[in-house]
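User: I would like to learn how to read a protein structure, one feature at a time. Please give the general idea, then the case at hand.

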Amino acid sequence: MIFHAVTIFPDMFNMLREHGIVRKAIEQDKISVSAINIRDFAEGKHKVTDDRPYGGGYGMVMKPEPLIRAIRYAKSLSPLSRTVLLSPQGIPFDQKKAYELASLNGLILVCGRYEGVDERVCSDLIDFEISIGDYVLTGGELPAMVMMDAVIRLIPGVLGGEGSSENDSFSAYLLEHPHYTRPPVFEGEAVPDLLLSGNHKKIEEWRLETSLIRTFLKRRDLLYNKKLRTNEIEILKKWCLDIEKIISAQSVHGADTLSRD
Ligand code: 4GO
């Protein structure tokens, strides 16, 4: 998959390119990441990329001409790519969107600065407007890198076999189970015995159950939006029964009593 970031700060993308899994994916030719400098498409001695807003007011706006030339250049390099503008006004980016984007041929990520880009650029050349969350940043570069990172790890072959993204495709809307590594006891806290048992079926069940519990306790909203599998529903039903048992035991003992035995 091909990524082109259109930006006035191309060096920011070295941070993404030069480390970890993304770097490896580039070295293995699974992806390419280029940063196109909008300033290279600006005219005049000062290569100006911004201008004052019509109607007055605070701040500057990105001039349309250099930005549009930079986007057209990116499109000429990879004509099958879709163009994304990073903006707080965009549709919210989530794991589902990451999967959708990972199936594309390429992405051109348009990174605004100042107060944003001239509206005529948005209406002409942008396929989607995407936001990584309800907050305002000084530029679209960090959101572009967040999106790229989330998409890149889903590209087949980018994560090595075991941690492969198909593993988490079903559980994309569940939080992860707890993780442990050596030593078996750390500062008095032991790793759950079951994980040392070598019983892979039991371990998988434990992982699913802890993953569901965590999601229920920390992010219940994720469960409301998720199509659950039958084994997940079974786990939730088991908790329901356990909770009902606790409650009905209360009606036998009577609530609000002092004795707790
Ligand atoms: C995107 C861009 C936040 C996001 C941005 C976001 N802030 N939530 N800032 O994805 C125009 C100039 C937008 C700075 C840019």
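Analyst: Start with burial: a residue is buried under 20% relative accessible area, exposed over 50%, and partly exposed in between, with a 1.4 Å probe and protein chains only. Helices (H or I, at least four residues) and strands (E, at least two) are DSSP runs numbered from the N terminus. In this structure, five of the six residues of strand β1 (residues 2-7) are buried, which leaves the strand mostly covered. The model is predicted: local features need pLDDT of at least 70, side-chain atom pairs count only at pLDDT 80 or more, and totals for chains, interfaces and linings use all residues. Residues are numbered from 1 along each chain as its sequence is written, and side-chain values use heavy atoms, with hydrogens and water left out.

User: Which strands pair with β1?

Analyst: Two strands pair if DSSP finds at least two bridges between them. β1 runs parallel to strand β2 (residues 32-37), joined by six bridges; in this pair, His4 is opposite Ser34. Strand β6 (residues 106-110) is also parallel to β1, with five bridges, and there Phe3 faces Leu107.

User: Is Thr83 buried or exposed?

Analyst: Thr83, in strand β5 (residues 82-92), is buried, because its relative accessibility is 0%. To see what surrounds a residue, look at contacts, meaning heavy atoms within 4.5 Å. Beyond its neighbours within four places in sequence, Thr83 touches several residues, including Ile71, Lys75, Ile108, Val110 and Phe128.

User: Where does Ser211 lie, and what is it in contact with?

Analyst: Ser211 belongs to helix α9 (residues 200-218). It is buried because its relative accessible area is 6%. Apart from neighbours within four places in sequence, Ser211 has contacts with Leu174, Leu175, Glu176 and His177.

User: How many helices and strands does the protein chain have, and why is it more spread out than a compact globule?

Analyst: The protein chain has eleven helices and nine strands. The radius of gyration is taken over C-alpha atoms, and the globule rule is 2.2 Å times the number of residues to the power 0.38. Here the radius is 25 Å, well over the 18 Å that the rule gives for 261 residues, so the chain is more spread out than a compact globule. Along the principal axes, its C-alpha atoms fill a box of roughly 85 × 45 × 40 Å.

User: What share of the residues is buried?

Analyst: Of the 261 residues in the chain, 36% count as buried. As for contacts with a separation of 6 or more, 77% are between residues 24 or more positions apart.
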